[in-house]
Amino acid sequence: MSLGDPDVLLDARELEPPEPLVRTLEALERLGAHEKLLVLLPREPYPLYRTLELNGFSWQTECRSDGTVAVLIGHREP
Amino acid sequence: MRALLSFDQAPPLAAPLRFFLTAPLFSALAGLLLLLAGPQVLVSRWTPGALALTHLITAGFMLQVMLGALIQILPVVAGANLKHPLLVASLVHGTITPGALLLCAAFLLSDRLTFEVAALLLAAGVGVFLLAAGCALYAVPTTSPTSRGLRLALPGLAISVALGVLLAGARAGSLPLPQATPLHVAWGLIGWGVVLLAVVALVVVPMFQMTPPYPESFARFFPLALLGMLAVWSLAESLSGGALATALSAFPVGGVAVFAALTLDLQQRSQRARMDATQHYWRWAMICALAASALVLAANVVPTIGERREWPLICGTLVLFGGFVAVMTGMLYKIVPFLIWLNLQNLGQGRILAPTMNRVITAKSVNQQTIAHFAALALLLAASVSPEWLARPAGLAVLVASGWLMLTLLRATGFHRQHVRRIQALVANSAA
């Protein structure tokens, strides 16, 4: 998985809680079997990781120098 | 939203909520004590009533909110999961609650056994918490200033409680009275309180108030620098006291003022069109912190200011009721609706929508309670100057503001119960 090629981009850096979580879950519902969602957040989303784990997604996190945390999410390979 | 995903709620809602619901009981008791005992409580900071009042707020209200919030946020902001969170919450809450009540009773009764039992219960409860939180925090890498800062806040609590136990032992007559009160106060309020508040502010101020982040250098160095300055002052205070210790005390107090001024500056740059109650609480708390810092520094320069009877009462009111209680009340209005929303969302198993967060606690109820809080603060400050006339009205005002907070939080739990029943019924129907 590379953080450079998402099919869907969600920039949640300027949203107030719980909107980043709500919008990420909404985007994941619509995510196709082989699509990737890139979520941009202002901090590391520890609660989201548990949700992804529980619901069969895999993810990769990158902390950028401007403080943005980028999480690339896709369906876990069977 | 058509949430088809389930999400784990860790820790369970019951773990932090018990602390948040108990906290206003202590501030209400503080108001009741002032209402019943009247002006004699405010004769000096050392009266049994004033000491009981102070500890109803610090060991009662503040400790409940701080430990409850940490049990909730350690996994969220630091990825540090407590083992057996419900058991830890039960043990900690079950000991610090009677511990704080007995401590205040001990001050009022000057009873040796009550002091000893209170100190034992508080030390046991805080000890269990420190062990559980320490293990959780040291099990994860310190990838952010928040997780590093959270680690740094815990020793401040340990030091303050250890000194408190020594002082309680001295009051019980079982230990010689150590000259530890200034250290106990400074480590409790700055080494634990301000360090924790600043570390939590790094996350919650930008998150909930839509402000720019704190400067990276502040996030990285402030907790350690504040603790360092406090440690140097503590050393001077313990070894020699006097002018050197007084001069060195300006550094940690100045550090608190820097945190308050920086937070006010960030608030000025909030992207929100209108401030909500939480922002008002933070703003006034930071103004109170600045005022208290100025009073402490003024007394360092002009000692006669600090010798005035009302000086410690005004400082104490600004720091405790104007600062810590205000910020924590403001945060409860964000944390409690979020936790209830998260719990209901999860309960719906992705099929039933949870009501939105702003229905859990309405803005109208919060705004009215906020006005009651600041009216009580104004009366408390005025009562510090004129206790004969205003001590009882101030006590009544604190009782009203705290009762209002308690009622608002209880209504939120009633809302939760009502929607749990609704959602469970809908889930059962949709499964049938």
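Analyst: Happy to. Keep in mind that this is a predicted model. Let's start with the sheet.

User: What is the strand order of the open sheet in chain A?

Analyst: The general idea comes first. Strands of a sheet pair through backbone hydrogen bonds, either parallel or antiparallel. In chain A, the four strands of an open sheet run in the order β1-β2-β4-β3, and the pairing is mixed. At the edges of this sheet are β1 (8-11) and β3 (57-63) of chain A, each of which pairs on one side only. From one strand to the next, the twist averages 20°.

User: How many bridges link β3(A) and β4(A), and in which sense do they pair?

Analyst: There are seven bridges, and β3(A) pairs with β4 (residues 69-75) of chain A in the antiparallel sense.

User: Now the helices. How do I read a packed pair?

Analyst: Two packed helices are described by the angle between their axes and the distance between the axes. Take α2 (residues 48-78) and α4 (residues 112-138) of chain B: their axes come within 11 Å and cross at roughly 15°. Angles under 35 degrees count as roughly parallel, and therefore α2(B) and α4(B) are roughly parallel to each other. Their crossing is left-handed.

User: Which residues of α2(B) and α4(B) meet?

Analyst: From α2(B) come B:A59, B:L67, B:L70, B:L74 and B:A78, and they meet B:L122, B:F129, B:A133, B:A136 and B:L137 of α4(B). By class, this contact has ten nonpolar residues, with no polar and no charged ones.

User: Is B:V165 buried or exposed?

Analyst: B:V165, which sits in α5 (residues 145-172) of chain B, is buried because 20 other C-beta atoms lie within 10 Å. Setting aside neighbours within four places in sequence, B:V165 is in contact with B:A119 and B:A123. B:V165 and B:L122 are 43 residues apart in sequence, yet their C-alpha atoms are 8.5 Å apart in space.

User: Last topic: what should I look for in the backbone?

Analyst: Most residues other than glycine have a negative phi, and most peptide bonds are trans. Here is a cis case: the peptide bond joining A:P17 and A:P18 is cis, with omega about 5°. A:P18 is in the loop between β1 and α1 (19-29) of chain A.

User: Where is B:S110, and what is its phi?

Analyst: B:S110 is in the loop between α3 (85-109) and α4 of chain B. Its phi is positive, about 50°, although B:S110 is not a glycine. B:S110 counts as exposed because it has 12 C-beta neighbours inside 10 Å.

User: Which loop holds B:M210?

Analyst: The loop between α6 (181-209) and α7 (216-239) of chain B. B:M210 has a positive phi near 55°, again in a residue other than glycine. With 17 other C-beta atoms within 10 Å, B:M210 is partly exposed.

Key: Residues numbered from 1 in each chain as written. Chains lettered and ligands numbered in written order. Predicted model: local features only at pLDDT ≥ 70, side-chain atom pairs only at ≥ 80, totals over all residues. Pairing = 2+ DSSP bridges. Helix = DSSP H or I, 4+ residues; strand = E, 2+ residues; numbered from the N terminus. Axes fitted to C-alpha atoms, helices over the stretch in contact; angles between N-to-C directions. Parallel < 35°, antiparallel > 145°, perpendicular 65-115°, else oblique. Left-handed = near helix turned anticlockwise from the far one by under 90°. Contact = placed C-beta atoms within 7 Å. Nonpolar A, V, L, I, M, F, W, Y, C, P; charged D, E, K, R; others polar.
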